[in-house]
Amino acid sequence: MQPFIMVIFGATGDLVKNKLLPSLFSLLVQKKTPSDFTIIGFSRRDLTNEQFANSFPHLSKREEWADFSRHLLYQQGEFENEQGYKQLIEKLATWRFQSISLMASVFLSSKLTIEDLLPCLLVAKDNSMSSTSLPVSVD
């Protein structure tokens with residue numbers, strides 16, 4: 001299976017706590033996730049990675065949670081404020097992407113453009129340039 005990175009905007013909301021993260025956790029339990037994946041939660045609450053992982057008490061009691069939670073990261077940010085997105089881009093810049101899909105509201109609520117994301121789209125982990133064709137969509 002291909003490694004992946006998923007950024008979840010609004011990561012401290014009820015939909016993520018009650019549906020999305022339990023579903024992703026279930027995929028790990030069923031061994032349907034790659035061994036190398038990262039889920040980055042993005043939301044306005046000021047949390048550490050550990051606090052974010054601990055905000056799912058109904059899952060953290062499960063035996064497999066320690067393995068799953070090591071894949072979780074958190075980035076604090078306001079949707080209408082550039083700073084959080086810039087910090088997110090810095091985190092993402094260490095990975096190379098095959099594709100990226102973002103809600104149009106990400107760009108409408110900030111001054112960021114798709115060009116702001118290009119450094120993390122085009123630079124591989126070893127800082128070499130990628131020649132991969134990148135299907136970039138803004139939904």
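Guide:

**The sheet and its surroundings**

Three strands make up an open sheet, in the order 1-2-3, and their pairing is parallel. Strands here are DSSP runs of E with at least two residues, helices are runs of H or I with at least four residues, and both are numbered from the N terminus. Two strands pair if DSSP finds at least two bridges between them. Strand 1 (4-9) and strand 3 (72-76) are the edge strands, each pairing on one side only. On average, neighbouring strands of this sheet are turned by 20° against each other, direction ignored. Axes for such angles are lines fitted to C-alpha atoms, for helices over the stretch in contact; angles run from 0 to 180 degrees between N-to-C directions.

A word on the model. It is predicted, so local features need pLDDT of at least 70 and side-chain atom pairs count only at pLDDT 80 or more, while totals for chains, interfaces and linings use all residues. Residues are numbered from 1 along each chain as its sequence is written, and side-chain values use heavy atoms, with hydrogens and water left out.

Now the pairing. Strand 1 and strand 2 run parallel, joined by six bridges. Val7 stands opposite Ile40 in strand 2. Strand 2 (residues 37-43) also pairs with strand 3 in the parallel sense, over five bridges. There, Ile39 stands opposite Leu72 in strand 3.

Two helices pack on this sheet. Helix 1 (residues 14-29) touches strand 1, strand 2 and strand 3, and its direction makes about 170° with that of strand 1. Helix 5 (residues 82-92) also touches strand 1, strand 2 and strand 3; its direction makes about 150° with that of strand 3. Touching, or contact, means heavy atoms within 4.5 Å.

Next, look at how strand 2 is covered. Seven of its seven residues are buried. Buried means under 20% relative accessible area, exposed means over 50%, and partly exposed is in between (1.4 Å probe, protein chains only). In a regular strand, side chains alternate between the two faces of the sheet. On one side of strand 2 are Phe37, Ile39, Gly41 and Ser43; on the other are Thr38, Ile40 and Phe42; all are buried. Across the chain, buried residues make up 35% of the 139 residues.

Thr33 counts as buried because its relative accessible area is 14%. Leaving aside neighbours within four places in sequence, Thr33 is in contact with Met1, Leu24, Leu27 and Leu28.

Finally, go to helix 5, where Lys91 lies. Lys91 counts as partly exposed because its relative accessible area is 27%. Not counting residues up to four places away in sequence, Lys91 touches Tyr74 and Gln75. Lys91 and Gln75 are 16 residues apart in sequence and 8.8 Å apart in space, C-alpha to C-alpha.
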